[in-house]
Amino acid sequence: MQDPVGEAATRGNLMENDTRLQFRGGWMMAFVPIVAFLAFCVLFFVVFKAFDMTALAMGGFVSLLIGALFAKPYGSYWDAVMKGVGSPTSVSIVLILFTVGMMSSLIKATNVSGGFVWIADTLGIGGGTFTLFAFISVGIISMSTGSSIGTMFTAFPIFYPAGVLLGADPAILAGAIVSGAIFGDNIAPISDTTIISASTQRFRRKEGSADIGGVVASRARFALTAAALSAVGFLVLASVNKHDSADGAEELLESTMSVKSLVMLIPVAIMLVVALRTRNIFKAVTVGLITGILTGLTAGLIVPTDIVGVTDGVPTGFLAAGVTNMLGTVALVFAVFGIMGVLTEAGVLERLVEAISRGRLSDTPRGAEIAIGLGVSVTTLLFGGVNSAAMLTFGPVADEIGSRVGLHPYRRAVVMDCFAMGIACIVPVLSAYLFIGALLTSGYDTAPALSTTQIFLAMLYPLVMTVVMFVAVGTGWHRRFEGADGVAVKDPDHAYLAANQVA
């Protein structure tokens, strides 16, 4: 006897498969763009040691061109790319990045780093405690700017040679600077990684994605725990391995310190409070920019032409610089979301989610979190430690895996972000963080150049964060589920579950 319902379902599946993006050689050829993109990551980060987001974005667009050669029909491939680039998540990330870029540029223009050096000199902080001081200071700077790599370029020239002259162990100090940059980025509401992790996790019982303020508030307990343990570790290691101060330390400190710049912490604090209370990043950055500009002008840290101006027909000022500095990252977002559009239209992400969901690992909330953590870690490793690109790629997968067991979007974002900021982003032979850190230790007459392996041994924050997250996943520490209207609840019996699950 024929089953009309079964036949209809079969016809529906065949029609669905017919509408998918097809490739010569089968659906596995949909991975060509991402494999080519990973090859560009290795080429730039490992071979050329070039850490430039624009170059990486170029690799992404070239990878899209290569992948198009295997698609059929050709036009459908680019329809998929444009669908990915034009997705609400992609557009929202781009808008936020341009907005926060201006605030980040303001913080750099007012030399906040020099204020922390003044504090160290005033308090008489020596080599052992200077390492701890550098970790905390760089963390605050990174949180203020929302850029870990940008903070490293700013902080290394100030803290590294000064700390070595004061007697700090070079490798431990370098590890503290990089760790502080990652910690600040991990907790910053204006960080691209925070924006990406929040924007890719959608609510199921109301419209929209996870708000940035809620994600930051949920993640703070894990980030601060890892930071506190790391701070203790840096203090112990630095005290045991401290050296005598070198000649010329005082002159170097005097050339870099600036007490006036500390006043800029006031608008930064105001911005963070607004972000956490209103959970609206645009409102927070607007308030931060207004109060920051007024504070900078009043304190004499900037003049009107530092805000916006034109020199020889070229726009100048931190507002223009903030937008310009984000162009490479925005281009990378477009390239990655274009690749994601191809994978989505080819049914690859659906296959991946189904394969993980069918496994025993994803049947429980704990298992789903392990799958998210391991998945984003592997993706981060493949992307050379560039956790923003990794979360852009893995975010939709984490969204599906976590939502099927009712995990709240905040929890999904926290698990993904914190694992991406863990050991996966600091593997010596692949990590962009360590390559940049090693690069920034060179060129000083008073401080030695270090290798990536030397710095890795002192990367306490990412290592401790990995342990903290495994404990959080294993024990269910602050695990929350999505209840009515997106409210976070402790009880999974009141959580949202997908239609094919039993509530």
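**Reading the labels in a predicted model**

Me: Why is Asp312 called exposed in this predicted model?
Reply: The relative accessibility of Asp312 is 78%. Exposed requires a value over 50%, so Asp312 counts as exposed.

Me: Why is His478 called partly exposed?
Reply: His478 has a relative accessible area of 21%. Buried means under 20% and exposed over 50%, with partly exposed in between; His478 is therefore partly exposed. The residue belongs to the loop between H23 and strand S5 (481-482), and phi of His478 is also positive, near 55 degrees.

Me: Which peptide bond is cis, and where is its proline?
Reply: The bond from Lys72 to Pro73 is cis, with omega near -10 degrees. Pro73 is in the loop between strand S2 (71-72) and helix H4 (74-85).

Me: Which residues does Ile177 touch, leaving aside those up to four places away in sequence?
Reply: Ile177 touches Ala134, Val138, Ala155, Phe156, Phe159 and Tyr160. In the largest nonpolar core, of 146 residues, Ile177 is one of those that touch the most other members.

Me: Which elements have the lowest and the highest mean pLDDT?
Reply: Helix H1 (residues 4-19) has the lowest, 45, and helix H23 (residues 460-475) the highest, 96. Over residues 1-16 the pLDDT is below 50, and this stretch has two contacts beyond near neighbours in sequence. Where pLDDT is low, the predicted coordinates should not be read in detail.

Key
Residues numbered from 1 in each chain as written. Predicted model: local features only at pLDDT ≥ 70, side-chain atom pairs only at ≥ 80, totals over all residues. Heavy atoms only, no water. pLDDT = per-residue confidence, 0-100. Helix = DSSP H or I, 4+ residues; strand = E, 2+ residues; numbered from the N terminus. Contact = heavy atoms within 4.5 Å. Core = buried A, V, L, I, M, F, W, Y, C linked by side-chain atoms within 4.5 Å. Buried < 20%, exposed > 50% of the residue type's maximum accessible area, 1.4 Å probe, protein only.
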